[in-house]
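My notes follow in the order in which I checked things.

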Amino acid sequence: MQSITDTFTLANGVKIPVLGYGTWQVTDPNEATTGVKHAVKAGYRHIDTAEMYRNEEYVGKGIKECGVPREELFVTSKLDNTEHGYDAARKAIEESLRKLDLDYLDLFLIHWPIVKERGEGDKWKQDNIDTWRALEDMYEEGKLKSIGISNFTIPHIENIMENCRIKPMVNQIRLHPGVLQEDTVELSRQHDMVVEAWSPLSPIKQMTADEKIQAMTEKYGKSVAQLLLRWSLQHNFLPLTKSVHENRIKENADIFDFEITSEDMNYIDSLSYEEFEKPTDFKAR
Ligand SMILES: NC(=O)c1ccc[n+]([C@@H]2O[C@H](COP(=O)([O-])OP(=O)(O)OC[C@H]3O[C@@H](n4cnc5c(N)ncnc54)[C@H](OP(=O)(O)O)[C@@H]3O)[C@@H](O)[C@H]2O)c1
């Protein structure tokens, strides 16, 4: 991986830029719009939002005003948990397109596999099958250029695989030192999914206090944030990273001119932090 414009190729041939700009918790309209514009100016071509983030209008405005043609950008959104089910999902996707003011999305994901009121017992299985069918249909209609899942662990992936017409092309999950989800990553890859990493900077505080990591920042001339994002790329994850500050947006994009050695990768892999919940079984979201 040499450049921010490098891509992974999804199972359907669609190219997805290897670093994404995230927008979770950016609810201030101006911050959401200027964040996207700063990101595009810094070279990002991949923007990640979600219905749940309540910022699609402002992200859409940033996309309109960023000065780069829409077709050169890769835009992802995700289904709100309240909109599971075939009809509701279709409507929600139309609503995402309206809010973003786009004719199509490059990627659309089911945000979470299990939602409180619909997930009891085995109910989540049929719920996800019906919801997935809505994504498949809208993919075939051309409104979604690729489709995928998020926060799906092994039982959720197996359920979709046993019942789908079109396989998900992406699984977006929490991934960073301390949360490696090896089994989920392995199964996702066996099914040809690109694995995206959310909250890649979670352990930044803990790692900043680690003397070996401090030595690495000097050795590579890079910040802990940059080490974390590079670590993610070297695992062939696709990190999504968010900041509302232009200097950090730029810093997080400057990760393509160094390589972490395998010894240092192993050390970072070995880090573990009690405070991170192990996302093996998401219930009642
Ligand atoms: N599928 C899902 O369920 C799910 C869940 C969570 C996130 N996501 C996606 O993944 C994206 C990334 O996750 P995240 O939002 O948790 O962000 P992140 O990239 O892990 O960053 C976490 C926080 O670190 C700060 N930060 C950013 N760059 C920094 C730097 N260079 N040095 C020090 N601090 C820095 C940011 O605060 P400032 O803004 O103040 O700089 C940010 O809030 C989200 O925005 C969203 O698009 C998906």
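I began with salt bridges, taken as a side-chain nitrogen of Lys or Arg within 4 Å of a carboxyl oxygen of Asp or Glu, and found that Arg-90 forms one with Glu-141, the closest N and O atoms being 2.8 Å apart. Arg-90 lies in helix 3 (residues 86-100) and Glu-141 in the loop between helix 4 (123-140) and strand 7 (147-150), so the pair ties together parts that are 51 residues apart in sequence. By this rule I count 19 salt bridges.

I noted that this is a predicted model, in which local features need pLDDT of at least 70 and side-chain atom pairs count only at pLDDT 80 or more, whereas totals for chains, interfaces and linings use all residues. Residues are numbered from 1 along each chain as its sequence is written, and side-chain values use heavy atoms, with hydrogens and water left out.

Next I turned to the ligand, and I found 26 residues around it, the closest being Asp-48, Ser-199, Thr-241, Ser-243 and Arg-248; a residue counts here if one of its heavy atoms lies within 4 Å. I sorted this shell into ten nonpolar, eleven polar (Gly is placed here) and five charged residues. Helix 10 (246-253) gives the largest share, three residues, and strand 10 (238-241) also supplies at least two; helices (H or I, at least four residues) and strands (E, at least two) are DSSP runs, numbered from the N terminus.

I then listed polar contacts, which are pairs of N or O atoms within 3.5 Å. A polar side-chain atom of Gln-172 lies 2.9 Å from a nitrogen atom of the ligand, and a backbone N or O atom of Thr-23 lies 3.1 Å from a ligand oxygen atom.

Note on methods:
A polar contact is a pair of N or O atoms within 3.5 Å; within protein, one must be able to donate a hydrogen and the other to accept it, and residues adjacent in sequence count only if both atoms are side-chain atoms.
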